[in-house]
Amino acid sequence: MMDRLFLSPPHMSGKEQQYIAEVFESNYIAPLGAFVNRFEESIKTYTGSLNALALSSATAGLHLTLRVLGVSEGDYVLASSFTFIGSVNAILYQNANPIFVDSDESWNISPKLLKEAILKAPKKPKALIVTHLYGQVCKLDEIIAICKEEGIFLIEDAAESLGASYHGRQSGTFGDMGVYSFNGNKILTTSGGGMLVSDNQEWVDKARFLSTQAKEDYLHYEHKEVGYNYRMSNVLAAIGVAQMEVLDEHVNRRREIFDIYQNILGAYEEIQFMPEIEGSRGNRWLSTLTFNRTDPIKVINLLEGANIESRPLWKPMHMQPLFNATMVIENGTSQTLFEKGICLPSGSSMSDEDVIRVCDIVKEAIK
Ligand SMILES: *Cc1c(COP(=O)(O)O)cnc(C)c1O
């Protein structure tokens, strides 16, 4: 049996252990330290955002955005329905109410349904959390215009889209705040971690304060409000700094992998790939496609038989038992995508031969 081909395994640059050794030499294992600062600086430089805050996860980052923007009990927060749960859990942490919005042909949130959701909301929503699904940018121009017009804060869940851009500008930097994830299978991994970015320094300072137990600026420990322990360790930041050095390479490789899939499988009428909207350059974190008639579970099982990992697309939030009683504006798009689609192995360490091997099995499955 060949080695297991994973969906999106970590891909190290080779520098990680050297930087971790530097952390140990300095003994700044914790708390924080020079690599946390370096990691924040490199994200600022890469994305063009004026401020960055390294955190224990993107979920923590999204929670902090809602706290900073004053979202609390009884408030409404709009969100893409076609996403991963980490995108929206923070709404529940704040005892606020999600309103889910379905997708359009871009697979990402539908601006048309977003408008409808705002009209139908029981009270004016405070914020929108929008996901750039699988590293492909959503229709930002239209969404920004709607949020501006309605006075709704825009939070970009860029957990999957680090390195993706729209009109040459990095995803995550368009909204009031943005969040990246460095979870185990993301395009850049620190084994676990996240980064909050915003051009608004006051908000990032406030998030930094809340992420360190909301400790007031006294010599003794003084607390006036509830905080969290959400910061990133210096050891993990060292991994992040090394990973940033190869981010562009890894984005390019993921895009190449997508191109091979598309060149081979795109010829089949049975298969449609996730699109890339005009003016955008996705990071193709995962290569994803839908079948017209083939049962995706059959394809996943055939790949599994060859020791290759693949997965169904995200199950939309409005189909989750957790959100049985939650408001949704839907048109059936994300449900159909979920029922018909799969994610193929897309790790930047894959060889061309690996990709071709996956294609051969998919071709066999759709026969
Ligand atoms: C991975 C992911 C998250 C959560 O990231 P963590 O760093 O694991 O908390 C949130 N949203 C989306 C869309 C994700 O894919």
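Among contacts (heavy atoms within 4.5 Å) between residues at least 6 apart in sequence, 72% join residues at least 24 apart in the chain. The structure is a predicted model, in which local features require pLDDT of at least 70, side-chain atom pairs count only at pLDDT 80 or more, and totals for chains, interfaces and linings use all residues. Residues are numbered from 1 along each chain as its sequence is written, and side-chain values use heavy atoms, with hydrogens and water left out.

The chain contains twelve helices and 15 strands, defined as DSSP runs (helices, H or I, at least four residues; strands, E, at least two) and numbered from the N terminus. The radius of gyration of the chain is 21 Å, which agrees with the value near 21 Å for a compact globule of 367 residues; the radius is taken over C-alpha atoms, and the globule rule is 2.2 Å times the number of residues to the power 0.38. Along the principal axes, the C-alpha atoms fill a box of roughly 70 × 55 × 35 Å. Of the 367 residues, 57% count as buried (under 20% relative accessible area, with exposed over 50% and partly exposed in between; 1.4 Å probe, protein chains only). The chain exposes about 15,400 Å², of which carbon and sulfur atoms supply 50%; accessible areas come from the Shrake-Rupley method with a 1.4 Å probe, and for residues only the protein chains shown count as cover.

Helix α3 (residues 58-68) packs with helix α7 (residues 201-211) at an angle of about 115 degrees, the axes lying 9 Å apart. Axes are lines fitted to C-alpha atoms, for helices over the stretch in contact, and angles run from 0 to 180 degrees between N-to-C directions. The contact involves Leu64, Arg67 and Val68 of α3 together with Trp203, Lys206, Ala207, Leu210 and Ser211 of α7. These residues divide into five nonpolar, one polar and two charged (Ala, Val, Leu, Ile, Met, Phe, Trp, Tyr, Cys and Pro being nonpolar, Asp, Glu, Lys and Arg charged, and the others, Gly among them, polar).

Positive phi values were found in residues other than glycine. Gln213, with phi near 65 degrees, is placed in the loop between α7 and α8 (234-244). Gln213 counts as partly exposed because its relative accessibility is 41%. Phi of Asn307 is likewise near 65 degrees, and Asn307 lies in the loop between α10 (296-305) and β13 (311-312). With a relative accessible area of 17%, Asn307 is buried.
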